[in-house]
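Thanks for coming, everyone. I would like to walk through one model this morning, going from a pair of helices to the sheet and then to a few individual residues.

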Amino acid sequence: MKTIAVIGAGTMGNGIAHTFAQCGFTVKLIDLSEKSLEKGMATIAGNLDRMVTKGTITEEDKHKTISNIITYTDIKDGVVGTDLVVEAATENVTLKLSIFKQLSDICDHNVILATNTSSISITQIAAQVVHPERVIGMHFMNPVPIMKLVEIIRGYSTSDEVTKIIMDLSLKLGKTPTEVNDYPGFVANRILMPMINESIETLYNGVAGVSEIDTVMKLGMAHPMGPLQLADFIGLDVCLSILNVMYEGFKNPKYAPCPLLVNMVMAGKLGVKSGEGFYDYSESKKAEKVSKQFA
């Protein structure tokens, strides 16, 4: 396995492309938007510059990594000659099903098709594909170049052979692959999202303020960042999407998103990406200033 296509140049897509390229793979980074590709490549270059400054890689390593990435705006051109396609588009079920139906039509039948979905059924995605046994979940954590975990999710039809190939490949990336079964939210988000949602409910019910809730979880539970700050980092729209998937999948009210979360997403307060969520990021990307709505 030498050539990898990554669909989507956003936060997860460019992180996945960076990781594969740094490990010597040829990466075809695909996005319909030329602007998104430029932004994604700029992010990769900036992250590599920080690694050079810290001494974790050399300037030569940086140039090799960037030279391993080729960008495409046409999905058909981008997936030609690849051994693996990793889809990292927006967490939207309709979009992902459409992409996999397209991949089924244009990729050779021996190409492994992986999705970085954080909650959507692998079995549902694989149903769009000829030879669904080659479809698997490869859920990286953000930021991808740093975080060690990759959740490997087997769909109903995913073969043992494909699972072993992807587990071994993850090890070559320096990651720790962990195999889980195909249920809404898998493991990471099935546990994480109810905690984030309960934190938002705690704020919504007036139990404590934003910084107080985060302080309790950081100092009391040894979490590296509080749940509200983490929600902002992930994106409140992404949190809402995952909770909706779990609520629909389990029909259990404990997964129903808090009304405050729903309203914030509708108002465009999405966290770091929009400049404001539970914290105000207009002056700093760090969660140093609570949003005036909650101050």
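When I say that two residues are in contact, or meet, or touch, I mean that they have heavy atoms within 4.5 Å. What you see is a predicted model, in which local features need pLDDT of at least 70 and side-chain atom pairs count only at pLDDT 80 or more, while totals for chains, interfaces and linings use all residues. Residues are numbered from 1 along each chain as its sequence is written, and side-chain values use heavy atoms, with hydrogens and water left out.

Helices (H or I, at least four residues) and strands (E, at least two) are DSSP runs, numbered from the N terminus. With that in place, look at α9 and α10, where Val-210, Ile-213, Asp-214, Met-217 and Lys-218 of α9 meet Pro-227, Leu-228 and Gln-229 of α10. Sorted by class, this contact has 5 nonpolar, 1 polar and 2 charged residues, where Ala, Val, Leu, Ile, Met, Phe, Trp, Tyr, Cys and Pro count as nonpolar, Asp, Glu, Lys and Arg as charged, and the others, Gly among them, as polar. The two axes, which are lines fitted to C-alpha atoms, for helices over the stretch in contact, with angles running from 0 to 180 degrees between N-to-C directions, come within 7 Å and cross at roughly 105°. Helices α9 and α10 are therefore roughly perpendicular to each other, a label that covers 65 to 115 degrees, whereas under 35 is roughly parallel, over 145 roughly antiparallel and the rest oblique.

Now the sheet. Two strands pair if DSSP finds at least two bridges between them. The sheet is open, with 8 strands in the order β3-β2-β1-β4-β5-β6-β7-β8 and mixed pairing. Strands β3 (69–72) and β8 (176–181) each have a single partner strand, so one side of each is left without a neighbour in the sheet. From one strand to the next, the twist averages 25°. Within this arrangement, β6 (residues 135–140) and β7 (residues 149–154) run antiparallel and are joined by 5 bridges, and His-139 stands opposite Glu-151 in β7. Helix α2 (residues 34–54) packs on the sheet, touching β2 and β3, and its direction makes about 160° with that of β3.

Which residues does Gly-40 contact, leaving aside its neighbours within four places in sequence? They are Ala-9 and Asn-14. Gly-40 sits in helix α2 and is buried, with a relative accessible area of 1%; buried means under 20%, exposed over 50% and partly exposed in between, with a 1.4 Å probe and protein chains only.

Thr-163, in helix α7 (residues 160–172), also counts as buried, at 3% relative accessibility. Its side chain reaches the backbone oxygen of Ser-159 at 2.9 Å. Beyond four places in sequence, Thr-163 is in contact with Ile-136, Arg-154, Thr-158 and Glu-179.

Finally, some backbone geometry to check. Most residues other than glycine have a negative phi, and most peptide bonds are trans. Here, a cis peptide bond, with omega about 0°, joins Asn-142 and Pro-143, and Pro-143 is in the loop between β6 and β7. Phe-186 has a positive phi of about 55°; it lies in the loop between β8 and α8 and is buried at 4% relative accessibility. Lys-251 has a positive phi of about 55°, but at 60% relative accessibility Lys-251 counts as exposed.

Terms used
A polar contact is a pair of N or O atoms within 3.5 Å; within protein, one must be able to donate a hydrogen and the other to accept it, and residues adjacent in sequence count only if both atoms are side-chain atoms.
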